[in-house]
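Here are a few friendly notes to read alongside the structure.

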Amino acid sequence: MDKILVTRPSMPPIDEYISEIQELWESRWLTNMGSKHRKLQGKLESYLGVDHIELLVNGHMALELGMQALNLQGEVITTPFTFASTTHAIVRSGLEPVFCDICRDNFTLDADLIEDLITEKTCAILPVHVYGNICKVDKIQKVADKYGLKVIYDAAHAFGERYDEIGIGNFGDISCFSFHATKVYNSIEGGAVSYKSSALGARLRKLKDFGISGPEEVCEVGTNAKMNEFAAAMGICNLRYIDAEVGKRREIDERYRYWLDGIHGIYLSPKNERVKSNYAYFPVVFDKEKFGCNRDEIYNELKKNGVFARKYFYPATNTLECFHGKYDKVKLPVALEISQKVLTLPLYADLPLTDVDRICSVILQCRKGE
Ligand code: T4K
């Protein structure tokens, strides 16, 4: 029996990649904003429907550099229902995460709870379009405007998505994308910040290259967060196939919904008509009282059958071991409950629909009572 993993990277035909990187042997220009880097940056700006992006080495550095470029200091209101990167980026930037609970419907930051968490130290809100589910962007912006706060979206899961036809990277002050191998779109490792102000762009360009502003000038303490030419070449090739890949993902999403939607004890995030989705993940929430089996039992049963689903995102980041005694006492009942009940099922463009049928059959056989 072949193993089915939670995801599998999309890759272009190998000949196409080889032809894309061939000129690197001639130019001997391998990194530091070469021609592939510049070409991909332009292509992505147009695909994402945003004014500007700055290409970076990964999504995590997009978060760190984005916050540095915005000169943040103090407290950042954020979600605990995310990958460790989001919270780590805040802490590593010398900022204090203030955790806000999430909505039950789509698992994003609950915008109605933000105001109660604002203090004189609050400088920003950092929500996550988790699983590609779009945050309540209008409400969040309203609160941010009222209190003069910056908004940084972690859009690691939201590549190419649109909300009311607007590219998702246009919301907030900046959005941070990930092009990691496991994402809907990859450049092996990679990421980007989308932004509107040209001053912010100039700052990001310096920060990703050690703060260098001229051959003999280093004007601030930056880092090395440049995307190299081989990664950019992969990004250029993968971008040619992105719409077809998302189309295949949509079929898989539909097949999962065909089997699992409406089953007593199973909750699926509803489709949002205002969103053009990228079908990044397929999270399922299991309620033991109604389904008869809990998330961990289903996870183990799938594993016995060669299916390696993942508990994205468990534990909630405020309870990660590195934050014990610091943030784990905050009361976040919805995030805690969802993180204990959610399982992310395999979803990638080349996943055969017959495998989806098999996965759903294992899950449905776990059902007890009713
Ligand atoms: N913000 C959010 C909300 C994020 O989810 C992430 C990353 C970030 C920020 C930071 O972006 P980056 O700095 O990573 O660009 C994976 C990814 O490594 C990570 O990028 C992603 N989120 C997270 C949700 O998933 P792990 O620890 O689960 O990875 P791993 O190695 O267990 O791989 C997952 C599955 O993919 C496995 O079944 C194996 C398969 N796989 C993996 C790789 C690397 C492959 O088939 N091929 C591969 O090359 O974190």
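1. Which atom of H60 is 2.9 Å from an oxygen atom of the ligand? A polar backbone atom of H60 is. Please keep in mind that this is a predicted model, in which local features need pLDDT of at least 70 and side-chain atom pairs count only at pLDDT 80 or more, while totals for chains, interfaces and linings use all residues. Residues are numbered from 1 along each chain as its sequence is written, and side-chain values use heavy atoms, leaving out hydrogens and water.

2. Side chains reach the ligand's oxygen atoms too. A polar side-chain atom of Y312 lies 2.5 Å from one oxygen atom of the ligand, and an N or O atom in the side chain of K183 is 2.9 Å from an oxygen atom of the ligand.

3. On its own, the ligand has 920 Å² of accessible area (Shrake-Rupley method, 1.4 Å probe), and the protein covers 74% of that area.

4. There are 26 residues around the ligand (a heavy atom within 4 Å), and D154, H157, S178, R310 and Y312 come nearest. By class, this shell has 10 nonpolar, 12 polar and four charged residues.

5. Now to the cysteines. The structure holds zero disulfides (pairs of cysteine sulfur atoms within 2.5 Å). C135 is in none, as the nearest cysteine sulfur, that of C103, is 8.4 Å away.

6. C322 is exposed (over 50%), with a relative accessible area of 53%. Its closest cysteine sulfur, in C176, is 20 Å away, so the two are too far apart for a bond.

Definitions and conventions. Polar contact = N/O pair within 3.5 Å; in protein donor to acceptor, adjacent residues only side chain to side chain. Nonpolar A, V, L, I, M, F, W, Y, C, P; charged D, E, K, R; others polar. Buried < 20%, exposed > 50% of the residue type's maximum accessible area, 1.4 Å probe, protein only.
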